[in-house]
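Reader: I would like to learn how to read a few features of a fold. Please show me the model, and then take the features one at a time.

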Amino acid sequence: MIVNKNTSDKELYKIIKNLSNNDDYYTKEERESIIINELLTSKKEITYDYLMSKTKTSKTTIVKDFALSEKWLVDRNIKVIKKTRVGIKLEYDELTFRNVSLEYIEKELKQANYQKIYNNFYGSDFFKLNLPMNNYISYVTKNVNVTMINNFIKKYENDFLIKFIEDSFIKIFLYLLITIKRISEGFSLEDKKHKAAL
């Protein structure tokens, strides 16, 4: 079908729908974020096929995107282990994992207003994050009392007569979220090397 000035909106919608194949489309950056998110949260090995289904891409595309995600992780001292017919897992020390998790959140939220994100934890604001980040925030906050963390930081400020600037408060808040989540999953800073997939 040829599109011209006489093409109706309904016809144009059909053309676009056919071109998009009704699938979601992710940018390269979103696919990389999905890959990192899946690697950081997975309790078992993940495969290229699994990542292809999550990102709705071809194997060629996922291999290229994975290479960039792998580089990002390796640059931060997280080892990516790939085993043929088994899958991909991460190896790291616990402190590195926590710092990388915080950096991943910060990287994804670099354009966001921290106060809106913080308010989102309490339900006072609705702030839509990208899908991988929503999933990661859900993972980190699941079964964690965010009010307790907030009160702890405020008590610390009062006890030591200091006031954190907004960015610092949010970073401390996020780091404590990550730490509590990891401790609740049985991870300790004494864990020198941990394989993400058990």
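Reader: In the hairpin of β1 and β2, which residue takes a positive phi?

Author: R85 does, with phi near 65 degrees, in a hairpin that has three residues between the strands. Strands here are DSSP runs of E of at least two residues, helices are DSSP runs of H or I of at least four, and both are numbered from the N terminus. This is a predicted model, in which local features need pLDDT of at least 70, side-chain atom pairs count only at pLDDT 80 or more, and totals for chains, interfaces and linings use all residues. Residues are numbered from 1 along each chain as its sequence is written, and side-chain values use heavy atoms, with hydrogens and water left out.

Reader: How many bridges join β1 to β2?

Author: Two strands pair if DSSP finds at least two bridges between them. Strand β1 (residues 79-83) and strand β2 (residues 87-92) are joined by five bridges and run antiparallel. K83 stands opposite G87 in β2, and V80 stands opposite L90.

Reader: Is R85 buried or exposed?

Author: Buried means under 20% relative accessible area, exposed means over 50%, and partly exposed lies in between, with a 1.4 Å probe and protein chains only. R85 counts as exposed because its relative accessible area is 82%.

Reader: Where is N77, and what is its phi?

Author: N77 sits in the loop between α4 (59-74) and β1. Its phi is positive, about 70 degrees, although N77 is not a glycine. N77 is exposed, because its relative accessibility is 59%.

Reader: Which residues point one way from β2, and which the other way?

Author: In a regular strand the side chains alternate between the two faces of the sheet. In β2, G87, K89 and E91 point one way, while I88, L90 and Y92 point the other way. Six of the six residues of β2 are buried.

Reader: What does I149 touch?

Author: I149 lies in helix α8 (residues 146-159) and is buried, with a relative accessible area of 2%. With residues up to four places away in sequence left out, I149 touches V144, F173, L176, L177 and I180. The C-alpha atoms of I149 and I180, 31 residues apart along the chain, are separated by 9.3 Å.

Reader: How much space lies in the second largest pocket?

Author: Rolling a probe the size of a water molecule over the atoms shows where empty space is left. On a 1 Å grid over the protein atoms alone, a pocket is an open set of points where a 1.4 Å probe fits, with protein on both sides within 12 Å along at least five of seven lines; lining residues have an atom within 4 Å of a point. Grid points are joined across faces, edges and corners, and a volume is the space filled by probe spheres set on the points. The second largest pocket holds about 200 Å³. It is lined by 14 residues, and E38, T41, S42, I46 and Y50 are the closest to its centre. At least two lining residues come from each of α2 (28-41), α3 (48-55) and α7 (131-141).

Reader: How many elements does the chain have?

Author: The chain has nine helices and three strands, in the order α-α-α-α-β-β-α-α-α-α-α-β from the N terminus. Of its 198 residues, 40% count as buried. Among contacts between residues at least 6 apart in sequence, 65% join residues at least 24 apart.

Methods
Contact means heavy atoms within 4.5 Å.
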